[in-house]
Amino acid sequence: MSLFKDLFKKVIRNRKPDEDTVLVKGKPKPKYYGTVVPYPNFNASSDASALQSAIEKDEVDNDVIIAVLVKRSNEQRQKIKVVYEASTGKSLEKALKSALRSDLEDVSLALLMDPPHFDAYLLRKATKGFGTHEHVLVEVLATRSNQEIREIKRVFKEEYQEELEEVIKDETSGDFTTALLALLKAQKDESVEIDNDLARKDAEILFEAGENTKGTDVSAFIDILSKRSGPQLTKTFQHYAAVSDISLPKALDLELKGDIEECLIDIVKCSWNKAAVFAEKLHLAMKGHGTCEDTLIRVMVSRSEVDLKKIIEEYRAMYDVSLQEAILMDTKGHYESVLLGLCGAH
């Protein structure tokens, strides 16, 4: 956990909540931090026709496919899928599957899914086959809104004929299962108001549950960390530092071990600065020998219409190199072009 302590103390910059809203007709509205925006002269029929021509050529025209997929919003891609199937009689997913290969195929198919279907697919992939990918479960459930989690559960049941909660119970164990199920309840406070008295009280409960007792009352940590908003938890961390000699992240490191430690620390990190957490994931995916394509595709696609602009800013601040430069150094070909396109570098 030394990496996290270093990240928490030195690298992750403070959140600036005041910058996250703009006034529209006198009311605060969330700013848009996505890098992919709706194409202004959108025409689903001409896009479907261009894709059909590109796919059916003797040599598949990857450039056309990339240009269409990357420069259209997710909502526009869904419309293209409908028109493509209506005019050709086959699904765009199947057509791209047979036309493309490797990482380019994976990222293109990811771009064709709407957000709840992509998230449900990620959770299915993380719990199916050999071993469970715990970090993906935590990443998805700790960073989505209550409404998004409810949608994911609905789509998961629809697509895979299983309740997501039951799959989590089967594939994980102990306190880690309890924490994931708490996140799946979608009961996180989403207001930006801070209750100072509650923060002080929570800090004392966490102190008593961890440092001040023999063993750790994990349920107290799970309850508070899965229900409080990011700004509220940030205030709790400040109060925790006042009643303890050590910071809350360090306390989690001392008190807990294994998947539950990673899970709760990830929740803490996300509440502090979500964009920095994703920047760190991208950095680790490209660090050292080999690249974790799954992580690159998962983060770039899922955040492209949410907060990828912020992630790009954090990446440069944290690693002194732009995300685009890192992608250029670590990937190649048409796959590289898609990732750069998602960064907003068309």
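Reader: How many disulfides does a search of the whole structure find?

Author: A disulfide is a pair of cysteine sulfur atoms within 2.5 Å. The search of the whole structure finds zero. This is a predicted model, in which local features need pLDDT of at least 70 and side-chain atom pairs count only at pLDDT 80 or more, while totals for chains, interfaces and linings use all residues. Residues are numbered from 1 along each chain as its sequence is written, and side-chain values use heavy atoms, with hydrogens and water left out.

Reader: Is Cys263 buried or exposed?

Author: Buried means under 20% relative accessible area, exposed over 50%, and partly exposed in between (1.4 Å probe, protein chains only). Cys263 has 0% relative accessibility and therefore counts as buried, whereas Cys292, at 35%, counts as partly exposed.

Reader: Which residues are in contact with Met300, leaving aside its neighbours within four places in sequence?

Author: Contact means heavy atoms within 4.5 Å. With those neighbours left aside, the partners of Met300 are Leu282, Leu308, Leu323, Ile327, Leu339, Leu342 and Cys343.

Reader: Which residues touch the most other members of the largest nonpolar core?

Author: A nonpolar core is a set of buried Ala, Val, Leu, Ile, Met, Phe, Trp, Tyr and Cys residues joined through side-chain atoms within 4.5 Å. Among the 99 residues of the largest one, Leu96, Leu264, Met300 and Leu323 touch the most other members. Helix H16 (residues 259-286) supplies the largest share of this core, 14 residues; helices (H or I, at least four residues) are DSSP runs, numbered from the N terminus.

Key. Helix = DSSP H or I, 4+ residues; strand = E, 2+ residues; numbered from the N terminus.
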